[in-house]
Amino acid sequence: MEFKRVYKYLIGLSAGALLVACSPDNGAVDEAEAPTEEVMDETAAEETTPKDEKTDEQATDETATDETKETADMAEASHQIDWEKIGELPAPDGYDENIGVAGIIGGVIDGKIVTGGGANFPDGPPTEGGEKVIHKDLYLFDVENGDINVLDQISYEHGLGYGASVVHEDTLYYVGGGETPETSADILAITTENDKLQVEKIGELEVPFENGIAEYHDGKIYYGVGKLDGEASSDFYAFDVESGENTPLAEFPGEARSQSVSEIFSNEIVVFGGGSSVTYQDGYRYNIEEDAWEELANVAIDGQEISVLGADSTKISDTEMLVVGGFDEEVWNRVNADLADLEGEEKDAYMKEYYSHPVEYYNWNKQMLVYNIETDEWTTLGEISFDAPAGAALLKDGENVYSIMGEIKPTVRTPNIYQGILQ
């Protein structure tokens, strides 16, 4: 079967299928087609991941001395995060329970968390007749003494999922990611007033956009390197928030992909990983003033490359970003290769068997990876204490880091919200 057909099949499935099923379903993905239900749904790994512009903090890292390699990595990162589950959000409108979503919206405004949208399979996986639902509900909550306090819950006029989230001052901009190609070209501004959510459409993108990156700088939202107009793309644009104009920029130099992670440091945007029918571990830096790209170090620890396809990230200092989650390279690539040769009932049987495994089988990345833009190096803080997510929201507020929902295996989401204390 030709690649294009396989890719679209997986994307329609969900996140566990990774890009195959994971991409758009992803709270992490939607491009590949085999590895995660959303990716398989989107790319087979599933839904996009939202991001926000976090407040910069003074970096306190010290260069580690040579002891054991593991100890050196921990010292270089010079951080520790202790996680605990703090709860779940109420059920979306029209449902009895919240089973979690991937490809979720996420950002912090004035110490309060905005999240919602995303997609799941409330009636089971596609192989059992289940269909993916993109949800309309948005939530505003804060956390006090480890308890979630929901301040507002509203339903937007249509479903929102697999777009990109970026925060500037008191506004969360949600870029793309709707139920239809038309609504996936919208840019929404989400704000709060008296602890109530307000949503306004402020413009339209050049093309429908899903499972890509977006960052804010000096009145413009830089977006692309994702699924543009239904296809994985290397195109990159700037949207002027005031004028509504979209400007094409220098093309991303890596392979066309979706479900990468990105952050902005001063006037430079860094982009890592992502995937198509295979995962990519490469990294690049975009200089806004020069409109030019430069290659960075691959995502790797001790020489071992790690896939962050479908992961999410957040800045933890002026020079560092934290990355959690990501589909496994070997599983993703193997499943996509297998699906390329299958059709009809044979493919359906393969996918049914693929979805049937326990969480551990898919081997998604549990490492808390830290990238330092000054040293162009990756280190690890060790492993998270919960199932590795794809298409989750990873957010930082002060010393607190939050991992919100996401996909934990193809077609299966978690409703859990975890709080980590950054030290």
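Me: Which residues does Tyr-350 touch, not counting residues up to four places away in sequence?

Reply: Tyr-350 touches Arg-334, Val-335, Asp-338, Leu-339 and Leu-342, with those close neighbours in sequence left out. Contact here means heavy atoms within 4.5 Å. Please note that this is a predicted model, in which local features need pLDDT of at least 70 and side-chain atom pairs count only at pLDDT 80 or more, while totals for chains, interfaces and linings use all residues. Residues are numbered from 1 along each chain as its sequence is written, and side-chain values use heavy atoms, with hydrogens and water left out.

Me: Where does Tyr-350 lie, and is Tyr-350 buried or exposed?

Reply: Tyr-350 lies in helix α4. Helices (H or I, at least four residues) and strands (E, at least two) are DSSP runs, numbered from the N terminus. Tyr-350 counts as buried because its relative accessibility is 18%. The term buried means under 20% relative accessible area, exposed means over 50%, and partly exposed lies in between (1.4 Å probe, protein chains only).

Me: How far apart are the C-alpha atoms of Tyr-350 and Val-335?

Reply: They are separated by 9.3 Å, and the two residues are 15 apart along the chain.

Me: How do the axes of α3 and α4 cross?

Reply: The axes of α3 and α4 (residues 344-355) come within 11 Å and cross at roughly 160 degrees. The axes are lines fitted to C-alpha atoms, for helices over the stretch in contact, and angles run from 0 to 180 degrees between N-to-C directions. The two helices, α3 and α4, are therefore roughly antiparallel to each other. On this scale, angles under 35 degrees count as roughly parallel, over 145 as roughly antiparallel, 65 to 115 as roughly perpendicular and the rest as oblique.

Me: And which residues make the contact between α3 and α4?

Reply: From α3 there are Val-331, Arg-334, Val-335, Asp-338 and Leu-339, and from α4 there are Lys-347, Tyr-350, Met-351 and Tyr-354.

Me: Which residues of α3 are buried?

Reply: In α3 (residues 329-339), the buried residues are Val-331, Trp-332, Val-335, Asn-336 and Leu-339. They lie on the same side of α3 because they cover an arc of only 120 degrees around the axis. That arc is taken from the directions from the helix axis to the C-beta atoms.

Me: What does Asp-328 reach at the start of α3?

Reply: A side-chain oxygen of Asp-328 comes to within 3.2 Å of the backbone nitrogen of Glu-330.

Me: Where is His-357 found, and which residues does it contact?

Reply: His-357 is found in the loop between α4 and α5 (359-362). With neighbours within four places in sequence left aside, His-357 is in contact with Tyr-362 and Lys-409. Its relative accessible area is 16%, so His-357 is buried. The C-alpha atoms of His-357 and Pro-410 are separated by 9.3 Å, although these residues are 53 apart along the chain.

Me: Finally, how many helices and strands does the protein chain have?

Reply: The protein chain has five helices and 35 strands. Of its 423 residues, 62% are buried. Among contacts between residues at least 6 apart in sequence, 56% join residues at least 24 apart.

Note on methods: A polar contact is a pair of N or O atoms within 3.5 Å; within protein, one must be able to donate a hydrogen and the other to accept it, and residues adjacent in sequence count only if both atoms are side-chain atoms.
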